[in-house]
Amino acid sequence: MSALDAVRARHSWSKVTDVAPTREELLTLVAAAGRVADHSSLRPWRLIELRGEDRVALGKAMAKAQGDKEPSSKPLRAPLLIAVVASFRKSDKVPRWEQEAVASGVAHTLSLLLDESGWGVIWRTGHYTRSKAIAKAHGLQKNEELLGWLYVGGKPVGKKPGRRKSVDARAMLTRMPTKAQKKAK
């Protein structure tokens, strides 16, 4: 499958089965995803693999962040969660926003690679990502921020992925305004 075909075929899977890629399979895909454009090769990202009891601990951290008594069951929706962490580096050339974009690029590329490999994936975010309880549970450093989790599992047989609206490329791809257009404004 070409890269174009893989991107066109990608869908988010909100429900997945209890099977997930092995650590070895995941390492191969992470190595490939790490090839995103990265100004100064800072590698301002890391991924945290959550399986089994890790997901239960995350549910407890979510409950603490919310002030709930019972652990959240949200992390149990997939057998594998991959926490996406922007790990900011000191740089005079590469601003913080660009480093976060690299981490996001790695996550998106990894989601494409997982999907193309036959796995169901959805990137989940939310207010939890900025809570102290969640940061502590993930062992985040002061220079790090959690961007969300890739929920990964098997694609259920007979189920369809989430709906995806097509992109109006003509509306999204514009040209730089000419002098005449600038004057008209």
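How many salt bridges does the structure hold? The model is a predicted one. The structure holds six salt bridges. Side chains of opposite charge can pair when their charged atoms come close.

Arg23 is partly exposed, at a relative accessible area of 48%. Glu49 is also partly exposed, because its relative accessibility is 23% and the buried class ends under 20%.

Strand β1 takes part in another bridge through Arg46. Here the partner is Glu144, and the closest N and O atoms are 2.7 Å apart. Glu144 lies in strand β4, so the bridge to Arg46 ties together parts that are 98 residues apart in sequence. Glu144 is buried, with 9% relative accessibility. Arg46 counts as partly exposed at 28%.

A further bridge joins Lys155 and Asp115, whose closest N and O atoms are 3.4 Å apart. Lys155 sits in the loop between β4 and α6, whereas Asp115 sits in helix α4 (residues 96–116). The pair therefore ties together parts that are 40 residues apart in sequence. Asp115 is buried, with a relative accessible area of 7%. Lys155 is partly exposed, with a value of 29%.

Arg10 is placed in the loop between α1 (3–9) and α2 (23–33). Arg10 is buried yet has no salt bridge. Its nearest side chain of opposite charge is that of Asp115, 6.1 Å away. Arg10 and Asp115 therefore do not count as a bridge, since the cut-off is 4 Å. The side chain of Arg10 does have a polar contact of 3.4 Å with the side chain of Ser12.

Positive charge also gathers on the surface. Lys15, Lys74, Arg77 and Lys159 make up a patch of positive charge there. Lys159 comes from the loop between β4 (144–154) and α6 (169–172). Lys159 is exposed, because its relative accessible area is 56% and the exposed class begins over 50%.

The backbone shows two further features of note. Most residues other than glycine have a negative phi. Ser40 has a positive phi of about 65° although it is not a glycine. Arg43 likewise has a positive phi, of about 50°, and is not a glycine. Ser40 is found in the loop between α2 and β1. Arg43 lies in the loop between α2 and β1 as well. Ser40 is partly exposed, with a relative accessible area of 34%, whereas Arg43 counts as exposed at 55%.

Terms used: Residues are numbered from 1 along each chain as its sequence is written. This is a predicted model: local features need pLDDT of at least 70, side-chain atom pairs count only at pLDDT 80 or more; totals for chains, interfaces and linings use all residues. Side-chain values use heavy atoms; hydrogens and water are left out. Patches are made of residues with over 30% relative accessible area and no salt bridge: like charges are joined within 9 Å, nonpolar side chains (Val, Leu, Ile, Met, Phe, Trp, Tyr) within 5 Å. Accessible areas come from the Shrake-Rupley method with a 1.4 Å probe; for residues, only the protein chains shown count as cover. Lys and Arg count as positive and Asp and Glu as negative; His and the chain ends are not counted. The place of a charge is taken as NZ of Lys, CZ of Arg, CG of Asp or CD of Glu. Helices (H or I, at least four residues) and strands (E, at least two) are DSSP runs, numbered from the N terminus. Buried means under 20% relative accessible area, exposed over 50%, partly exposed in between (1.4 Å probe, protein chains only). A polar contact is a pair of N or O atoms within 3.5 Å; within protein, one must be able to donate a hydrogen and the other to accept it, and residues adjacent in sequence count only if both atoms are side-chain atoms.
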